[in-house]
Structure formats: structure tokens, C-alpha cells
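Me: Please take me through one part of this structure slowly, as I am new to reading models. I would like a close look at a single strand and its surroundings, and then a view of the rest.

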Amino acid sequence: MKQIKRRDFIKIAGATAAAGAIGFPTIAAAAGKKQVVIIGGGTGGATAAKYIRRADPSVEVTVIEPNEYYHTCYLSNEVLSGARSIDSIKFGYDGLRKHGVTVVHDMATAIDATAKKVTTKGGKTFSYDRCIVAPGISFKDNIAGYDMAAHEKMPHAWKAGPQTVLLRKQLEAMPDGGTVLIAPPPNPFRCPPGPYERAAQISTYLQANKPKSKVLIIDAKDKFSKMKLFKQAFERHHKGTIEWVAAKDTGGGIKSVDAKAGTATTGSGDVHKAAVTNIIPAQQAGKIAIDAGLTNESGWCPVDHKTFESTIHKGIHVIGDAAIQKPLPKSGYAANSEAKVTAAAVVELVNGREPGTPSWVNTCYSIVAPNDGISVAMVYNFVDGKVAKVKGSGGLTSMDSSPAERAREVQYAYSWFKNITTDAFGG
Amino acid sequence: MPAKKSLAMLLSSILMLGSTQLMAAPSASMLADTCAGCHGPDGSSMGPAIPNIAGMSAEYFNTVMKEYADDDRYSTIMGRIARGYTKEEIALMADHFAGQKYMSTTQNLDAAKVAAGGELYQKNCGKCHDENGALADDDAGILASQWLPYLQYSMEDFQADKRSMPKKMKKKVQKLSAAEIEALLQFFASQK
């Protein structure tokens, strides 16, 4: 940013004479409405839209989002266990409209970073001063045979909504004594503790309704987020129900599926025919980020951490799961936090001011059994041009925390859900 | 870039020349907005296990955050968060939240307990938590209209010696029965 500012300054300095000639009032009067276009109305996109309007109501904000409702991925595992309804994780956009945000239900198909224009499937064009891209994730083709038809047979349920409902229906329909196969993806991916919380939630449902059934996790990794706490919970609440198998023992996890036959095959050639198969493929940035050339060879979007502006295309910011934000995780809380940093930076930039120093937080709860919740938290600051963990802050729920503390963490998770969704989508 | 905008940027760039490129502390709103994910927009919580922190006295905010950071006050998560900030950053957040409007909650409460709690309040709590706990005291949070589950957690912690009470309060709390404590908490939660 700083270098760009200086370069801009040199360009702009050339116009000093003109500025003197025209005079200040003319410039002020001529300043048109600033336009920000946000692609994607998930937690990141919605939060950014709202916080820009809060900070500067003179900025016109348009959110381009194909769906009329957003289903949060967080707490969607409770839909799978039946602990909550799909409608309890469903949010519309009237709250954003109350903040003066224009919400357009259309699909952004291209971004012209030079002309500063976004075009949509519906044939519309939107000009912007700054664009924020918050497209979430798309899937890589790391599992042979996992095509669109297979998505319907072996749901990923890694984008909440119809896929979540489909997986829930399969769990309800499966016979007692069947196996639920979960195939978590390799790093990095959206919601690192998610597959393991999912196993716990599904196991809770099976224990109550289909006690002869099992959950088999065939992982593409040898370790995972909150691993000790999850293993403790599996031992404590899900013994004999959940089995986790490391990548090293299966030749790297599930490598191919045959959706018609209902089979999934590991790298070492073991064929699994489960009653329900949940394939979570490897991930990359959402499609529009790839199409707009915002990704690098990793499939994710490199950004300047101070402003989350793309280091590939100036004037476009990428937030949420699609960005390279490490050590921040790809979580809903992080997307909300990145959105606020970016909103503040964008307001400064469209007003010709230097963005301030950022600050971020992540807090992430996993509900591992009824009345048993665990968490990880961290405060992040900006050091040497990058996001950094603040030393001494953050960390995990203690391994020897009491049942009362674990029960409290579940209630904190539910209250957190109310607050973060109000913060992102509320009016 | 259109010429007009360039000129607007020029003016701000000139203003910027006087400043250095040293990294300043994050602004109060930058810091405070990171709390909203759990504590709700501007510190007004919609989730009953997590307290409203809008309108809290700055002095109390500073005290509590230091206690959390030093593990002098029990928490599941706030200690982990509080240790992420300097004293100066906490002071910025404290002033920010002190300036936010305290939100009145609507909760499902038991009218009989609220009435009983009102009488107990006059006898036991009113001297310090005056105005029915509605004030942003320098040594206590705002209790009026605070979420009942949060108040219950807090009292559990006081009674378990996980959180320290002033001597006078401790004496009173020890004398009260569980039903009386519950009535008191319902009373505070009911206040607008």
C-alpha cells in the first residue's frame, strides 16, 4: 500500500498546478459518490457491507449475491444431528438493506480490474471505486469420480443449505448398523475443526437413534485442529462409535469414488461401501476469484494484510476463506474480523486517506457432545506487514476443564452464533 | 483514475506528508469492533450467555480486562482474549464501550421471583448497586436488564470463590438462599 501511495503521489503531484488553478471548492463539489461493489453475501461480504455503511453512509455499497438466503456453515453440523433446524441457520438480506446496502441477487461472472467493473450472469455491469471479493470456497478435483452427480449421492455439505439437508436426510434414512464415512480434506480448508465436530454431531444422533451404527473418519491428514480435545471427546462420548484413521495408514485418505456403486477407495486401495458417504474435497478460493485472476498457484488469493487488497489486482480486496490470511484461520469469525479491517481500510481509501492499523480476533467453538463445547481463540496484530498472533494470547480449552465449564462453552457458542449473525446480517 | 479524484487524493496526500510512517496503535473502533463477534454489535449482546458490555464504565472495563489477563478473575475464554492487548489498547476499548448506549433486553422472567427479588434488593444490594443496578459503576457492571444466564454464571463464580467479592457483598451472599439469589438475579434482569 505504502509504495502504491507514493507512486500515486508522484503521478498526482504532476497535477498540482491544475489543482491550484481549479481551487479547492470545485474539487470538493465534484467528488462523486463513492461506489463499493461486494461480491458474495456470506459472513465476510455481509459484514463488510454493513461496516462500510456504518463508517461512511455516503459510500454506496452494492452486494452481488446469487442466493436470497445464506445458510451459515457454522452450527450446520447441529442440523445434521437434528439438534437444530436448517431454518435456524438461514439469514436473508433485509438487515443489510436497512443499512442502505443495495443487494442484487445475481452471479458475478467477471471483474475488469482495469476498467473497475463487475459483470454478472444477468448481464448487468457495476462500476466500482473499490471491489471486495468474498466468494468463499470452491472444490478442487482431488477425488476421482466426485463429479456434480456424485455431489448429490455423496454430499459434501461443506457449503451449508441444500447439501446440509441432503446429508441429514441420508442419515435419517440409513439403517441401524450402517457406517457413516467422513472424508476430511487436506489443508488448507474452510473451518479446520468442522469435520471432527461433524463426526461428533453425527455420532450423537446415531447413539440416540441407530446405536449399532458407526462413524468412520478417513482423513487426508495425519493431524487436525483441536486434535487432543477432539480425541478426548471421542474417547469420552463416542467410544466405539467414532473411529479416526490417519492419512499415513490409508495411502493419503479417500482418492476416488464410484457414486453409482456407492463406494469410496483409499490411496492404498481399500474399498469402503458405507451407508452414508460424506466427501469433503480439497478446496480453493471461490470461482469468481479464480476467474478474475486473483488466485496464485496455491488456488487462494494473496493479499496485503493491512487492507486485504489483492497483491495481484489493485483496487480489489479479497476477504474470508478465499484469502491467504494465515495465521488467521479460514473461519466465520475470522471472515467477520477481516471484513471489519477491510471495511475500515476501504472507507479510508475511497476518501483518499491512509488506512489505519488493523487488529483481528478469532474465536471458534466446536460442540462435541450435548453440553460439551470446546474452543480455540486468538488475538492477532499487524507486525512487519503481516498478520501475527499476539504472543501470550489465545489458545485452547483446557484438557482438564470441568463438565460445568464445557456446558458453559456450549451456551457461549449459541450466544456467539446469535451475536455474529446479528453483527453480519442484522438490521 | 479520473482527474477529479486524483486531485482529491492529492490534497489528502499533502496532509499526510506531515505524518510519519510509524505504525500507530489500532483505533478504538478497530479494536472494539473485533469484540462484536461474541458480544454483539457495539457490545449489545443478543445471546443470553454473553453479557452486554455497551455503556460499561471505562474504569470497570479496564479493571476487569486486567483481572482476566492476570487470571485473577475466572473465565473460560476472556483470559485468552484479554492477554492479546496492551494496557493502552484496553483503555481505548474501555472508552469506546463506555460511550455506547446500553441496550434494554426482553427476557422471559418469573414475575413472582422478580417481585421477591425487588424486596431482597432493597435490603441487601441497593446501597452499592443503587438505582436498581442501572448505573455504570466504576466497580461493577450494569446489572439492570443484563442477561439472566450471564448473571447466573457470574453468581456461580462468586459463590465458588472463582471471582472475588467485596467483604460486604460476600457476607450478604452467604446469608442468602439459592432461591433468594435466583430471585435477585431475576429482579436485576427485569429492570429496564
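Reply: Let's begin with a term: a nonpolar core is a set of buried Ala, Val, Leu, Ile, Met, Phe, Trp, Tyr and Cys residues joined through C-beta atoms within 7 Å. A residue is buried if 20 or more other C-beta atoms, placed from the backbone, lie within 10 Å of its own, exposed if 12 or fewer, and partly exposed in between. This is a predicted model, in which local features need pLDDT of at least 70 and side-chain atom pairs count only at pLDDT 80 or more, while totals for chains, interfaces and linings use all residues. Residues are numbered from 1 along each chain as its sequence is written, and chains are lettered from A and ligands numbered from 1 in the order in which they are written.

The part to look at is strand β23 of chain A, residues 372–383. Strands here are DSSP runs of E with at least two residues, helices are runs of H or I with at least four, and both are numbered from the N terminus. Ten of the twelve residues of β23(A) are buried, leaving the strand mostly covered.

Now for the pairing, which requires at least two DSSP bridges between two strands. Strand β22(A), residues 360–369, runs antiparallel to β23(A), and nine bridges link them. Along this pair, A:Val379 of β23(A) sits opposite A:Val361, and A:Thr363 has A:Ala377 of β23(A) as its bridge partner. The two strands form a hairpin with two residues between them, where A:Asn371 has a positive phi near 65°.

Next comes β24(A), residues 386–389, an antiparallel partner joined to β23(A) by four bridges. A:Val383 is bridged to A:Lys386 of β24(A). This too is a hairpin with two residues between the strands, and A:Asp384 in its turn takes a positive phi of about 50°. Strand β25(A), residues 395–396, also runs antiparallel to β23(A), with two bridges between them.

From here, turn to the core. The largest nonpolar core has 158 residues, and A:Val133 and A:Val318 touch the most other members. Helix α12(A), residues 332–350, gives this core its largest share, twelve residues. Two residues are in contact if their C-beta atoms, placed from the backbone, lie within 7 Å. Leaving out residues up to four places away in sequence, A:Val318 touches several residues, among them A:Val133, A:Ala289, A:Leu294, A:Val303 and A:Phe308.

Stepping back to the whole chain, chain A has 13 helices and 25 strands. The radius of gyration of chain A, taken over C-alpha atoms, is 23 Å, close to the 22 Å that the globule rule gives for 427 residues, so chain A is as compact as a globular protein of that length. The rule is 2.2 Å times the number of residues to the power 0.38. Along the principal axes, the C-alpha atoms of chain A fill a box of roughly 85 × 45 × 40 Å. Buried residues account for 52% of the 427 residues in chain A. Of the contacts in chain A between residues at least 6 apart in sequence, 70% join residues at least 24 apart.

For another example of pairing in chain A, find the open sheet of three strands with the order β14-β15-β16, paired antiparallel. Strands β14(A), residues 254–258, and β16(A), residues 271–272, stand at the edges with a single partner strand each, so one side of each has no neighbour in the sheet. Between β15(A), residues 263–266, and β16(A) there are two antiparallel bridges, and A:Thr265 has A:Val271 as its bridge partner.

Finally, a stop in chain B: B:Glu89 lies in helix α6(B), residues 87–98. This residue counts as buried because 21 C-beta neighbours lie inside 10 Å. Apart from neighbours within four places in sequence, B:Glu89 is in contact with B:Ala25 and B:Leu31. B:Ser27 is 62 residues away from B:Glu89 in sequence, yet their C-alpha atoms are 8.6 Å apart.
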